[in-house]
Amino acid sequence: MKYKTIFEPFKIKTVEPIRITTEKQREHYLKKAHYNPFFLHSDDVLIDLLTDSGTSAMSAAQWSAMMSGDESYAGAKSWLRLEKEIHDLTGFEFILPTHQGRAAERILYGYLGGKGKVFISNTHFDTTRANIEFTGATAIDIPMPESSMIEFDHPFKGNMDTAKLESLVETYGATNISAIILTVTNNSGGGQPVSMHNAREVSAICKKYKLLFILDCCRIAENSYFIRNREKGFKSKSYRTIAQEMFALADGCIMSAKKDAFANIGGFLALKNKHLAEACTNLLIITEGFVTYGGLAGRDMDAIAVGLQEIFDPDYLHYRISSTGYLADHLHKMGIPLIMPSVGHAVYIDAAKLYPHIPVQEYPGQALVCELYLKGGIRCVEIGSVMFGKYDARGKLIPASKELVRLAIPRRVYTQSHIDYVIEVFEEIIKAKESAHGLRITHELELLRHFTAHFEKI
Ligand code: F0G
């Protein structure tokens, strides 16, 4: 397109009103939510950037497919449609539907994990890490070194450090390593993409040492966009072909269909190996459901099957990546420290750099999350020491490596004016920078504490 306006390649047929609130009201709601936006009522939120997961607007084609959902317990037509779609896309023979991504993680990593076992990833997502550690196994992150240089420009900062991978295999011994997990795009590592070159290298190492290679592929269409537009040799290939090429390198995949399948619920595990698939099927039946529905209704499976086709539409992907880039570019120009280059599903802000006066023990990321809600009714999530911080034996915080805040963009939900509003709110954030204050945790659970922690102002 020759025009610079971001063209949303869809018309809006159904709308959901947004209730306008005042800063005074939001102050009250935030206090009631213990300064943790996970406790806010969605009706009290103006722009919800908490997650891009399960928050997509479905298309007319998805809604109409849902009407023909087959709710039979076994052998439903909806399942056969979904199974065919996943098989055609991934090439994997054994497909296990689950109610969402983490259920697939629990099944596979629960089976493969246990004390003494090791999992290695470019970066484990929080539920991935939690499911692995819950079994007593160890999860090790080895993103490429440049990934920690927040503003450093590199086209594939989500890559795995393959030299380190080989050395870890030597250290732990291949028989103790349960799986190598490549997350595309690398959500907890700033949503950065992974190159095909890197995936090929990881695959070759896995083959050499006979290691299981799993793709966490919930944003593989967005990753394919970056490969086609940033990596040499892919210009003439379709996004779907690029994704298929990556699947062909792996032994299996886990997908949360709540991201790049435009579904509000769902996920799956797909595997090459029959024995592994059978072991996982046992666990699937006792916890999720029969093999032809997992934890899903037939209509949900139809929505996923259609979504998996729609996601590779070049006009959609171009709009998706350009609109996230639009937000990132404006914030960057304004002087907000961000992970660069911009990515597909979110913008990641370096809160430690934005608020140098707030020490990590007082959670600068959570402070920014609260400020954004207060000033503009924007809800987002901290990805820093609240999410990944641990305590040492004396109860002292071991901080995360970065103090980030993620603004995740739901698919096909907000227009350019909504994003312009977010940009305006950031102008206020900058003006009031010095008055932002830290927080202390007053209540927390052992696992995934960011979901349920209570805070108070310092
Ligand atoms: N893997 C990745 C890379 C994810 O981003 C997520 C979820 C999961 C696995 C788990 O999938 O939610 O369907 O159980 N990410 C969401 C997010 C929650 O906000 O980034 P799930």
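These legends walk through several close-up views of one predicted model. Residues are numbered from 1 along each chain as its sequence is written, and side-chain values use heavy atoms, with hydrogens and water left out. Because the model is predicted, local features need pLDDT of at least 70 and side-chain atom pairs count only at pLDDT 80 or more, while totals for chains, interfaces and linings use all residues.

**View 1. Seven strands make an open sheet.** Strands here are DSSP runs of E with at least two residues, helices are runs of H or I with at least four residues, and both are numbered from the N terminus. Two strands count as paired if DSSP finds at least two bridges between them. At the edges sit β2 (94-98) and β4 (138-141), each pairing on one side only. From one strand to the next, the twist averages 20 degrees. Strands of a sheet pair through backbone hydrogen bonds, either parallel or antiparallel.

View 2. β3 and β5 run parallel and are joined by four bridges, with Val-118 standing opposite Ile-177 in β5. Four bridges also join β5 to β6, again in parallel, and here Thr-183 stands opposite Asp-216 in β6. Next, β6 (residues 213-216) pairs with β7 (residues 252-256) in the parallel sense over three bridges; Ile-214 has Gly-252 as its bridge partner in β7. How many residues of β5 are buried? Seven of its seven are, so β5 is mostly covered, where buried means under 20% relative accessible area, exposed means over 50%, and partly exposed lies in between (1.4 Å probe, protein chains only).

View 3. Contact means heavy atoms within 4.5 Å.

**View 4. Two residues of helix α4, Arg-106 and Gly-110.** Arg-106 counts as partly exposed because its relative accessibility is 34%. Leaving out residues up to four places away in sequence, Arg-106 touches Tyr-111, Asn-131, Thr-287 and Glu-288. Gly-110 is also partly exposed, because its relative accessibility is 38%. With neighbours within four places in sequence set aside, Gly-110 is in contact with Glu-105 and Thr-135. Gly-110 and Cys-280 are 170 residues apart in sequence, and their C-alpha atoms are 9.1 Å apart in space.

**View 5. Helix α5 is mostly covered.** Of the nine residues in α5 (residues 126-134), seven are buried; among them are Asp-126, Arg-129 and Ile-132. The elements that cover these buried residues include α4, β3, β4, β5, β6 and α15 (385-388). After α5 comes Gly-136, whose phi is positive, near 95 degrees.

**View 6. The largest nonpolar core has 114 residues.** A nonpolar core is a set of buried Ala, Val, Leu, Ile, Met, Phe, Trp, Tyr and Cys residues joined through side-chain atoms within 4.5 Å. Leu-215, Ile-349 and Leu-407 have the most contacts inside this core, and helix α12 (residues 314-333) gives the most to it, with eight residues. Apart from this core lies another, of 22 residues, including Leu-108, Tyr-109, Leu-212 and Leu-269.

**View 7. The largest cavity and its lining.** The structure holds three cavities of 30 Å³ or more, and about 100 Å³ of space lies in the largest. A cavity is a set of points, on a 1 Å grid over the protein atoms alone, where a 1.4 Å probe fits but cannot get out; lining residues have an atom within 4 Å of a point. Grid points are joined across faces, edges and corners, and the volume is the space filled by probe spheres set on the points. Which helix gives the most to the lining of the largest cavity? It is α12, with five residues. Both α12 and α16 (416-431) supply at least two residues each. Among the lining residues are Ile-6, Glu-8, Tyr-319, Tyr-414 and Ile-419.

Note on methods
Axes fitted to C-alpha atoms, helices over the stretch in contact; angles between N-to-C directions. 1 Å grid on protein atoms, 1.4 Å probe; cavity = no way out; pocket = protein on both sides within 12 Å on 5 of 7 lines; lining within 4 Å.
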